[in-house]
Amino acid sequence: MYELIAQGLAPEDRWRRRVPAETQIEIGRKTRPLNVSWDSKISRRHLLLELKDGKLLVEKIPEATNPVFHMGNEESSFTVLPGEHFVVGNTKFSFTNDQAFVTQDVPNPIRQKSFSAEFLRNVQYDDADRRIDVLNRLPEVIGSAGNEKDLMARLVNILLSGISTATAVAMVRQVKKNSEIEIIHWDRKLESQGDFQPSEGLIRQALRSNETILHVWDQNALTNPDHKTSSNDFTIDDQNDWAFVCALGGKACQGCGIYVAGKNRGLVTPFDTDSAHSELQGDIKFTELVGSTLANVLQIQQLERQQTSLRSFFSPLVLEAFADQDPEVALAPRQCEVSVLFCDLRGFATTSEKMADNLLDLLSRVSDALGIMTRNILDLDGVVGDFHGDAAMGFWG
């Protein structure tokens, strides 16, 4: 899978997006989905890109103002290979085909710790001001996200900015159908580090326990070619020595988690795991907060979609009941006293015979009549139960 990474001057001015094959896409400050809104030196429409045979063809749009630099030279049309980059204004664009996949091929952690939500609520940040500055961007990030995957990509950038020692962050999900672990989106701070291989065992353990779990690895064991592993080993790539997974709650994020990996914080060797746990608690709380925000936003969006789809079939009174309880519970059959109204058109059979040659006009008159019946039932806090030809059924209670 080929991807393009855009990086501005600020760490948060960044995205990582998949480049579709044989499809021409645009880059600019106002283009979707590959927009670079943070760089005023990039025009509204600046570049045309197309992926062909593993190469990225780049062409500057004639109306674009500022030049494009590739391999140190100003060019209007050129080809970019994986591992190369080009620059426009203050933004660097890197073309890569690094892969992300879960694996189980390195030693067990030397230390493991679980963190409950209740415990994390009592953790104090050691750099609260910086964390708050990052979190202040959340409303803008959420509001400007075009879709669910775009939102996850933006929150990955928030986490990379907010956790100083994190080297990589991934949104992961356990697929219900085959129980495989899927990487929804990932990114890291440094480029050209090869494939990213998060720990499958750690992810499964965190999702199964529905808690945040931290693993610390012995870097010496990671670089020792003679280490032996089993199929049950927990893993991490050799560029990191700790990782944690925060399991997300809520129906909208069921089976999802946030994977954060990083490097030794400069502690003594061998890794001072007690100090590591203490220092990482703030990072874990920060991740849990971002994860809770994501889960809540997706839950609200899911409810809005449900309300939109149900609005065509149910009365406002029923939709209000759905807001307080699960639709399956609200619609479960039960005995109760109700008042029922059947309202139809007087003389409809005779009128139908007379208008047999003008069925469209008849249908229009019936639709208007049913509309009047429906509005009056709803205005009086009733529920429209059904339609039978020229009749509407309403009930109360």
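This report walks through some local features of the structure, from its cores to a few single residues.

The model is predicted, so keep its ground rules in mind: local features need pLDDT of at least 70, side-chain atom pairs count only at pLDDT 80 or more, and totals for chains, interfaces and linings use all residues. Residues are numbered from 1 along each chain as its sequence is written, and side-chain values use heavy atoms, with hydrogens and water left out.

**The cores**

A nonpolar core here is a set of buried Ala, Val, Leu, Ile, Met, Phe, Trp, Tyr and Cys residues joined through side-chain atoms within 4.5 Å. Buried means under 20% relative accessible area, exposed means over 50%, and partly exposed is in between (1.4 Å probe, protein chains only). The largest nonpolar core has 37 residues, and Leu155, Met171, Leu214, Ile258, Val260, Phe286 and Leu294 have the most contacts inside it. Among the elements that each supply at least two of its residues are helix H4 (148-162) and helix H7 (273-310). H7 gives the largest share, eight residues. Helices (H or I, at least four residues) and strands (E, at least two) are DSSP runs, numbered from the N terminus.

What does Phe286 touch, leaving aside its neighbours within four places in sequence? Its contacts (heavy atoms within 4.5 Å) are Tyr125, Arg131, Val134, Leu135, Ile158, Leu159, Gly162 and Ile163. There is also a second, separate core of 21 residues, which includes Leu4, Ile27, Val68 and Phe78.

**A four-stranded sheet**

Phe78 also turns up as the bridge partner, in S8, of Val58. Strand S5 (residues 55-60) and S8 run antiparallel and are joined by four bridges; two strands pair if DSSP finds at least two bridges between them. The open sheet they belong to has four strands in the order S3-S4-S5-S8, with antiparallel pairing. Strand S3 (25-27) and strand S8 (77-80) each have a single partner strand, so one side of each is left without a neighbour in the sheet.

**Helix H5**

Seven of the ten residues of helix H5 (residues 200-209) are buried, so to speak mostly covered. They are Glu200, Gly201, Leu202, Ile203, Gln205, Ala206 and Leu207. The cover includes several strands, among them S11 (111-115), S12 (166-174) and S13 (181-188). Just after the helix, Asn210 takes a positive phi of about 60°.

**Single residues**

| Residue | Relative accessibility | Class |
|---|---|---|
| Cys246 | 2% | buried |
| Cys343 | 29% | partly exposed |
| Thr374 | 19% | buried |
| Asp98 | 14% | buried |

A disulfide is a pair of cysteine sulfur atoms within 2.5 Å, and the count by this rule is zero.

Asp98 sits in the loop between strand S10 (91-96) and S11. Its side chain makes a polar contact of 3.0 Å with that of Arg188. Such a contact is a pair of N or O atoms within 3.5 Å; within protein, one must be able to donate a hydrogen and the other to accept it, and residues adjacent in sequence count only if both atoms are side-chain atoms. Asp98 and Met1 are 97 residues apart in sequence, yet 7.6 Å apart in space, C-alpha to C-alpha.

Thr374 is in helix H11 (residues 359-379). A polar atom of its side chain lies 2.8 Å from the backbone oxygen of Leu370. Not counting residues up to four places away in sequence, Thr374 touches Val384 and Phe387.
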